[in-house]
Amino acid sequence: MNDAISSLSKGKRKIRPIAIFSKRAHVKSEKEYNSIYQRSISSPEKFWEEKASELHWFRKWKRTFKWDKRKAVFSWFDGGKINASCNCLDRHLEKNADKTAIIWQGESEEQVRRLTYGELYRETCRFANVLKKKGVRKGNMVCVYLPMIPEAAIAMLACARIGAIHSVVFAGFSSEALRDRILDSKCKLLITSDGLWRAGKDVPLKDMADIALEGCNCIKHVIVVKHTSQKIKMKGKRDSYWHDEVSSRSIKDICNPAENDAEDPLFILYTSGTTGKPKGVLHTTGGYLAYVNLTFRWIFDHHDTDVYWCTADIGWITGHSYIIYGPLSNAATILMFEGTPTFPDVDRFWKIIEKFKVTVFYTAPTAIRAVAKFGEEPVKRHNLGSLRLLGTVGEPINPKTWLWYYEVVGDRRCPIVDTWWQTETGGILITPLPGASTLKPGSAGKPFPGIEPVVLGEDGKEVKADTGGYLCIRKPWPGMMRTVYGDHQKFIEAYWKRFRGFYFTGDGAKKDAEGDYWLMGRIDDVIKVSGHRIGTAEVESAIVSHEAVAEAAIVPFPHEIKGQALYAFVTLKKGVNGDNSLKEALRAHVGRETGPIAKPDKIQFVEALPKTRSGKIMRRILRLLAEGKKDVGNITTLADPSVVEEIIKGIEK
Ligand code: WT7
């Protein structure tokens with residue numbers, strides 16, 4: 001670490017806005033932010049009406065905001081008619097038909113594609129017509145199981161165009177996980193590819209989809225993008241190739257956008273929670289679009305000449321909001337990258353930034369840590385002079401990583417926006433605004449206009465400054481999820497019950513005396529592994545479904561690159577021998593049941609799990625043990641305290 005960083009890290013951890021940046025920024029000063037914020041909170045409806053009016057509406061809404069607190073039912077812009085794809089495409093054609101919408105960089109360096117807004121419009125219309133031909137109608141569910149290729153964007157926009165609801169499933173999820181999601185939302189059509197590239201390997205995605213579909217009668221058609229050289233089996237009437245479909249003579253270049261209601265669902269996206277299977281988070285059209293449109297413009301300070309790159313996958317909310325709907329509704333040029341930060345070499349990110357003169361770069365702390373490990377040299381190999389703004393998302397970023405990003409990647413010229421949000425929130429809620437905010441490494445800054453966070457104590461009262469508590473949000477904002485698909489009761493229980501009238505985020509946080517928020521991680525049974533959200537209940541049930549296993553408990557432990565990783569405590573059935581080969585078998589089993597990202601890093605076989613007398617597993621104790629602590633506090637409530645001693649002896653280093 002050089003001098004500048006160490007002086008920064010020794011207390012003076014404040015970085016004022018950079019004058020030349022602020023000058024042309026959308027929000028230019030702390031003062032301007034304060035006044036916008038005050039206004040947005042005293043009359044939120046007026047604020048959002050103004051912002052939503054910047055979109056294209058077929059018909060204006062009748063009622064800006066309606067909220068039935070008791071039922072946790074709310075709406076924004078009810079009665080308005082709007083189409084998300086039209087706002088991302090048609091609206092830009094007059095001025096920006098020839099502007100690049102998507103630059104696609106494949107995993108292999110030579111593979112590059114560019115689509116202008118005119119081309120993206122045409123491709124989307126044609127594919128929307130294919131969907132119609134296959135019988136997809138407004139309100140139908142379409143599953144997208146694709147790698148990071150332009151067809152993923154086209155498929156999502158085509159669904160939006162005809163009022164179908166997309167459900168994107170991360171292509172790193174297994175067949176089992178895909179099947180669960182397809183069945184839960186009864187998807188009618190699946191879009192996938194023959195294979196996908198992962199660190200030079202051709203992964204058989206279509207084969208995995210075929211296995212998933214063995215148990216799904218709801219899927220009538222499968223459309224397959226040819227992408228790798230994977231040999232696949234096509235099933236008679238059900239399967240067809242994307243390229244054959246879109247190039248068919250009967251498919252027209254124009255598809256009029258459906259006039260959807262503002263509150264018609266735009267998509268569902270599954271995410272893990274505290275209990276049971278992943279929930280289908282449902283987002284609607286008008287409010288969501290208004291929210292991601294404005295947050296993208298202000299937080300990433302979008303200007304016409306920017307080349308914006310978000311490294312997230314389309315399978316997560318970040319991909320939905322800040323690769324597709326936010327940027328495209330602003331006519332941004334986005335970069336889409338199929339590969340990973342360290343393949344074929346550890347300078348891959350920097351190589352791409354230099355190659356395409358990326359100006360705004362948005363990634364996850366885990367990715368920064370993965371490359372920072374190799375030091376400055378791979379970064380310095382490249383000219384990153386085009387960069388002007390950096391962002392992070394997905395987990396708390398520790399000040400050391402923040403400073404490395406600021407100093408080495410951003411050359412101390414680029415503000416960093418540490419953006420806090422969730423699948424449920426639709427868009428970013430807490431963040432610096434790059435031209436206005438004083439940055440503090442490790443803090444996500446202040447609330448975005450229109451958002452009222454509060455930190456509550458156990459008793460539901462707001463805690464004092466610098467005191468940790470439960471992060472909640474006071475009122476629904478336009479981008480907030482509307483319900484859990486098919487289970488509104490779950491929506492109420494998971495988010496609105498614990499603190500009545502507040503949205504409960506599941507995160508711990510504290511607010512400092514200057515009003516900046518410091519996120520402290522999840523306080524429920526969700527674990528963030530490499531920024532991915534893993535539900536312990538899900539992984540536990542995957543492990544327990546293995547024939548050798550009696551019981552399992554999953555807890556997090558700190559991991560240098562991943563942030564957190566999974567530690568599994570497992571009891572086996574009588575007579576089963578817990579050796580290394582069984583550990584490997586269990587890891588493979590979890591990979592098949594859920595996906596590679598859910599594989600535990602450590603597995604310890606134990607005689608018994610620590611339980612209360614009523615039989616509840618004490619995960620709190622296991623968590624401390626997994627962190628390497630020997631003193632776990634009061635264990636007198638345990639049915640058998642000696643279990644803890646036994647476990648300590650076998651803790652994995
Ligand atoms: C959880 C939501 C939001 C897009 C990606 C993740 C954690 C997210 C930050 C941040 C500290 C963060 C929280 C949150 N998180 N961003 N900037 N600082 N923590 O979406 O998969 O729904 O996960 O990610 O714990 O609850 P998600």
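Helix α12 spans residues 286-299 in this predicted model. The helix has 14 residues and reaches 20 Å from its first C-alpha to its last, close to the 20 Å expected at 1.5 Å a residue. α12 is mostly covered, with 14 of its 14 residues buried. After the helix comes D301, which has a positive phi, near 40°.

D301 also takes part in a salt bridge. Its partner is R388, and the closest N and O atoms of the two are 3.4 Å apart. This pair links distant parts of the chain: D301 sits in the loop between α12 and β16 (307-310), while R388 sits in the loop between α16 (377-380) and β19 (389-393), 87 residues apart. Both ends fall under the 20% cut-off for a buried residue. D301 counts as buried because its relative accessibility is 1%, and R388 is buried at a relative accessible area of 14%.

Side chains of opposite charge can pair when their charged atoms come close. Across the whole structure, a search finds 53 salt bridges. One of them joins K206 to D239, with the closest N and O atoms 2.9 Å apart. K206 and D239 are both buried.

The salt bridge between E407 and R412 has its closest N and O atoms 2.7 Å apart. Here E407 counts as buried, at 7% relative accessibility, whereas R412 is partly exposed, with a relative accessible area of 44%. Elsewhere, salt bridges link K14, E30, K440, K446, D512, E514 and D516 in a network.

The ligand has 17 residues around it, of which D418, T419, T423, K528 and R533 come nearest. By class, this shell holds 6 nonpolar, 5 polar and 6 charged residues. Three elements, α13 (317-329), β20 (416-419) and β27 (517-522), each supply at least two residues of the shell.

An oxygen atom of the ligand is 2.5 Å from a side-chain N or O atom of T423, and a ligand oxygen is 2.9 Å from a side-chain N or O atom of Q422.

Note on methods
Residues numbered from 1 in each chain as written. Predicted model: local features only at pLDDT ≥ 70, side-chain atom pairs only at ≥ 80, totals over all residues. Heavy atoms only, no water. Near = heavy atom within 4 Å. Polar contact = N/O pair within 3.5 Å; in protein donor to acceptor, adjacent residues only side chain to side chain. Helix = DSSP H or I, 4+ residues; strand = E, 2+ residues; numbered from the N terminus. Nonpolar A, V, L, I, M, F, W, Y, C, P; charged D, E, K, R; others polar. Expected span 1.5 Å × (residues − 1). Buried < 20%, exposed > 50% of the residue type's maximum accessible area, 1.4 Å probe, protein only. Salt bridge = Lys/Arg side-chain N within 4 Å of Asp/Glu carboxyl O.
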